[in-house]
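Thanks for coming. I have one model to go through today, so let me put it on the screen.

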Amino acid sequence: MSDNVLAHFQHKFEHISSLFDELKELADSLPSDRFSIVALGIYNQGKSTLLNQLISDFHNSTFKVSDIRQTREDQVFCHNNYLFVDTPGLNADAYDDAVAVHAQQRANMYLFVHKITTGELNSQEIGFLEQFANKQGLASFFDSTIFVLTNIANCSDEQTNSVVIKVKEQLRSHFGAAYNYKIIAVDSLRYAQGNLEHKELFIKKSFIAELKTLIEQTKKQLQPQLQSIKAEKIAQKLQPLKEELYSFRDQISQEKAKQEHLLETVTKKFQAKLEQYQEQEELTYNVDSLLDDIAFLTDLQNNDYDEIEYEHQRSHCYDICDRIDRNEQVLEQLRQSMMAEFDFDPSVDFECPKIEILNETIDSCEHMLSNCEQLLSIVSHLEATT
Ligand SMILES: Nc1nc2c(ncn2[C@@H]2O[C@H](COP(=O)(O)OP(=O)(O)O)[C@@H](O)[C@H]2O)c(=O)[nH]1
Ligand SMILES: [Mg+2]
């Protein structure tokens, strides 16, 4: 496999690993995910003031409070693992509606805020509720919505009770009696004042503590539903990842098989060439040992042998020298061809680089395959548990 192909596979594997990390992060966040609470309602109903009380900001400096319309965009604040979202008033303009709808998409719970001093819900509020509730599904919407009637400090208890009852009737007549509408009447300013001036009775009569309890209860009831929403999110990510992993595993196993086959062929060829070289080397060495004969010839010359015998020995020696030359040439040719084909010099090297590279590539493939198997087993585990 060329470096390019290997790099391609490694790149691909990194991509899959990062998908996997995303998935793990999502899975790990399951139990601790932030719970978002979105305040909905017409502007000037007390949404921002109420959210400030829920985060114990009695000076109302976090969520902007005003008699004129202030909020143009969602304002988000995190407190005790809750994500509080303030939305612009529903009736301001189409832009605001769009923002409010956007907030709905990331809401776990809604506080529909209505000022009790204006009496029951008006037709605009009912219209918005219809739009929201139908979009999410009535049951799910009303399970996750608390109707908060604010400003009770400016009403008598009788008035308050009567509006609470009226609002419940309104909801029943518009959306049916099947849902358990959660309605609570509170006063945010009374709660703030009670806290700032340490007046227990104000705090008590603000009913913010009751609202907090109701929020906790509602959250608990929503928990199984939230888990299943998250499980769905995970499942959506799992499927494509699994497909990628399987396809990658197939590709890389094919590549590995290809490389193994190549290794076998190259090794065979290399071994054959190396044997040939070694045989030739031995031959050259053997002929080399005949050089002793030349020493013998020198002796002949010195010892004054007869001329015929001397000539005979001399030509024999030339033959030997020729053979040595020829053998050395053949040996060198073999060496050159091994260098060219395998980048291997048999006179100095021990390992064949080409075979080494193939072995390394096969190791890399194996490594990626085993990582891939591990990811797949975690993915299957996640799939089984969500
Ligand atoms: N007395 C009283 N006034 C409130 C209460 N909630 C809000 N307000 C006042 O109503 C006005 C609008 O409140 P705000 O929170 O800005 O409403 P939003 O437009 O719905 O966010 C401000 O003047 C607040 O002080 C409440 O519970 N009691
Ligand atoms: Mg506001």
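What covers the buried residues of H7? I will come to that after the conventions. This is a predicted model, in which local features need pLDDT of at least 70 and side-chain atom pairs count only at pLDDT 80 or more, while totals for chains, interfaces and linings use all residues. Residues are numbered from 1 along each chain as its sequence is written, and chains are lettered from A and ligands numbered from 1 in the order in which they are written.

Now the answer. The cover over the buried residues of H7 includes H2, S5, helix H8 (200-206) and H9. Helices (H or I, at least four residues) and strands (E, at least two) are DSSP runs, numbered from the N terminus. Buried residues have 20 or more other C-beta atoms within 10 Å of their own, exposed ones 12 or fewer, and partly exposed ones fall in between, with C-beta atoms placed from the backbone. In H7 the buried ones are Ser-188, Arg-190, Tyr-191, Ala-192 and Gly-194. After H7 comes His-198, with a positive phi near 55°.

Overall, the protein has 12 helices and 6 strands, and 24% of its 386 residues count as buried.

Next, the ligand. There are 20 residues around ligand 1, and Gly-46, Lys-47, Ser-48, Thr-49 and Ser-188 come nearest; the cut-off is a C-beta atom, placed from the backbone, within 6 Å. H2 (47-54) and H7 (188-196) each supply at least two residues of this shell, and H2 gives the most, with 3.

On to the strands. S5 (residues 145-150) and S6 (residues 182-185) are parallel and share 4 bridges; pairing requires that DSSP find at least two bridges. Opposite Leu-149 stands Ala-185 in S6.

Last, the packing. The largest nonpolar core has 34 residues, and Ala-39, Leu-111 and Val-148 have the most contacts inside it. A core here is a set of buried Ala, Val, Leu, Ile, Met, Phe, Trp, Tyr and Cys residues joined through C-beta atoms within 7 Å. Among the elements that each supply at least two residues of this core are strand S1 (35-40), S5, H7 and helix H9 (208-289). A second, separate core has 13 residues, including Ile-16, Leu-245, Ile-252 and Leu-382.

Which residues is Ala-39 in contact with, leaving aside neighbours within four places in sequence? They are Lys-47, Leu-50, Leu-51, Val-85, Asp-86, Thr-87, Leu-111 and Val-113, where contact means C-beta atoms, placed from the backbone, within 7 Å.

Conventions: Two residues are in contact if their C-beta atoms, placed from the backbone, lie within 7 Å.
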